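Here are my notes on the model you sent over. Have it open while you read.

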Amino acid sequence: MAASRAAVVGSLFWKCGSCSTGTFLICTNVNTQLLSRQICATPAMRRKNLAAAGPQKFTEEFIKKQVEEFNIGKRHLANMMDEDPQTFTQEDIDVSIRPRRKHHPGDQVFPRQTAVQWGEDGRPFHYLFYTGKQSYYSLMHDMFSKILAVEKYQDRLRSKNLFSLDTKQISLAGSRWLLKEELEESLVENISDHDFARFIQLIERLVALPYGAAEEEFVLGYRRQLEVQSSKQEIQPLQYDQKGVAYSTADGRRKMSTASVTLKDSGSGKFTINGMDQLHYFPVLQDREQLLFPLHFARMLGRFDVDSSVTGGGRSAQAGALRLAISRALLSFLPEGQVEDMRQAGLLTPDPRVKERKKPGQEGARKKFTWKKR
Amino acid sequence: MQVRSVHSGSGLQLQAVAMETEPHPAKNLSVFRTTEADPARHSEQHAAQYYTLSPTHLRTVFPHGLPPRFQMQVKTFNEGCVMVRPPALEIISHLKKADYSKPALHYLLYGATGCGKTMSLCHVLHYCSTQGWLVLHIPDAHLWVKNCKELLPSSSRPSRFDQPVQASQWLQNFKVTNDHFLSKIKTTRRYVWTKRERTEEGRPLAELVEQGVNRVKSSSDVVGALLRELRLQAGQGDFRLAVAVDGVNAAWGKTSLKKEDKSVLLEELTLIHNMRKMLNNDWCGGAIITALSQTGSLYTSRLSYLPQELLGQEGFDKMDPFVPVPVSNYTEKEFESCYLYYMDRNWLQHPNSKCECYTGFMSDLRYPSTAGNLFIIKSFKTVCGPSYCSNFTYNIILFIMQ
């Protein structure tokens, strides 16, 4: 019963949501006529260039009305499903309505578009409308006026001999500037690379001013936090064997070889690979160098006994695989700060390079057949 | 990082050093060097110390005997310093006590690659030379079984092959080493080389050697004749003969030489045939000191180093009975000596390698007991060529000594 009722409601929403053809013709009193056409209201639309969509296809009021209807429908649905309308989430809606018909809140169906830019008499609202990029230029003007205000403040201080250079500067550590795409999204406008560069230049100028800390909030609004990469690294906890000696195991891969390594604590620096001593397994200096680099970097050369096995690949690939495996196994023994150091040294990054495939019509991956002029 | 004294057993060493002859006033007293240049007087108290070879000895005793890397090092440092190590001391002590009226004893130096077999052999030969022995040194027997451009059918015997270039080269070096003997020893029979050339009985050996050096075509036969003469006359007590062969496993191994696309058997080579006769201990009045070598050998596994593996069944039976002398990697003390020597020669250039940080720095490399000496020396010389020292990132290089 509930399912069929849900289906009915769903179909109603589906119709509203899909904006079927021809039913709506927005007649405004404005000279310009906005023709409606079928728009596929999928989430992918969000990613599309919002500015290119042009001014909105639907009036504000229409959108508001749709949103209200959506909310009413949501409450009805919640009642039908015998659930609390206040805590009825989008997922619950999706589950209750038949999966084919998606039902999303207004923001996703009607993506953020520029509102109509001019009034009834055809005069644009914004004073920079005829520049074509009104939001961008108004932002630049705002920033510049802030710069001027700060400089004026500085002049006032100088005239009173209170100017000093050691004021608190805006801290930009751990964050990055907005990307061009992100700025475009926030301004709902197309921006060229040159424009974006000028924007960054101006905001950095603002930051560089001695008394620029006054505009900290504004500036930080255009910064995004950087995640600390090493926090994503999973570190296995140490394992202890019967005698209480700590050990850790890890794997590594490079090209076509796989290696598996066991690091045992309180060792003498013995290094065994496939049962053989590393000196005999890797007669070449370069390979041994690769093996010892993680331990040397962490300054724990003589501390561990390493027992490892490696298969596949050539000698260089095996050495690389072992190195990665050792670095990963070493993480469990390291203090926090050193993990980030190891990551930055490139010890924890698996090397993605693999042999490129040979293409037809060529000798090898890149090499072409002899070119004959005739 | 613990602070350790440079040599753990340094008490004895310092005493010994104090009792030696007056060191150079200009140089500081270095614990890794000894001023005792006579190998006959080397003993355990000089173990792990470097002694200097005099330039004359270098030229005469070792025209071709030293390993190539050591030769480069001699050229760079302008001095030849050899470390006194237990294997060489053992052989020298045996040589001092041996009875030379009995057949010659075999001594066989064996060990992993890069452990110091050839250098120990050279040390023993230096001793023999300073004692006035006649030194017959075949620096690398492997050179006679591979990479031979010219292989002539023997003039004397139809089924044999001659190697003129190798033989004449060896004769030249032999002459440099033993010039003073060649005029004294006389031939015991007449040798006919060609229709027009012959060496009469009773002529000094120098003539024989001249013949081989000048007439390259018959040089292999000259070598055979020379060896025969020395074998016969060593027993008569005028002089002692030291036969030193490096890479002796070549005599019973395989050869890669081909004559008209047909492989040559080892027995068919004149030089190898004569060498084998020499290695038989049916003569008296000397010693046969040999060393195995896997590095230059053909068709042997890289990891094999034991006499049984390298000599093969036949070789082992022929060499039996022998005195096996194992040569192993540097001990801690020897390693420290080596390190100090290179520091002294200003070869190692790294801010961390100076004395204060020395102990902490050394603790970094303190790990394997399996360090190969040659690898140590090689890695000391890596990156920079043999002829100049440079500032390289030593922390990268040093931890490789494994």
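1. Buried here means under 20% relative accessible area, exposed over 50%, and partly exposed in between (1.4 Å probe, protein chains only). On that count, 53% of the 402 residues of chain B are buried. This is a predicted model, where local features need pLDDT of at least 70, side-chain atom pairs count only at pLDDT 80 or more, and totals for chains, interfaces and linings use all residues. Residues are numbered from 1 along each chain as its sequence is written, chains are lettered from A and ligands numbered from 1 in the order written, and side-chain values use heavy atoms, without hydrogens and water.

2. Chain B has 15 helices and 13 strands (DSSP runs, numbered from the N terminus: helices are H or I with at least four residues, strands E with at least two). Take its contacts (heavy atoms within 4.5 Å) between residues at least 6 apart in sequence: 74% join residues at least 24 apart.

3. Still in chain B, helix 6 (residues 164–177) packs on helix 8 (residues 205–214) at about 145 degrees, with axes 8 Å apart. Axes are lines fitted to C-alpha atoms over the stretch in contact, and angles run from 0 to 180 degrees between N-to-C directions. Helix 6 of chain B contributes Ser168(B), Leu171(B), Gln172(B) and Lys175(B), while helix 8 of chain B brings Val209(B), Glu210(B), Gly212(B) and Val213(B).

4. Over in chain A, strand 4 (residues 246–254) and strand 5 (residues 257–264) run antiparallel, joined by 8 bridges (pairing takes at least two DSSP bridges). Arg254(A) has Ser257(A) as its bridge partner. The hairpin has 2 residues between the strands, and Lys255(A) takes a positive phi near 55 degrees.

5. Strand 5 of chain A also pairs with strand 8 (residues 305–311) of chain A, antiparallel over 7 bridges. There, Leu263(A) stands opposite Val306(A).
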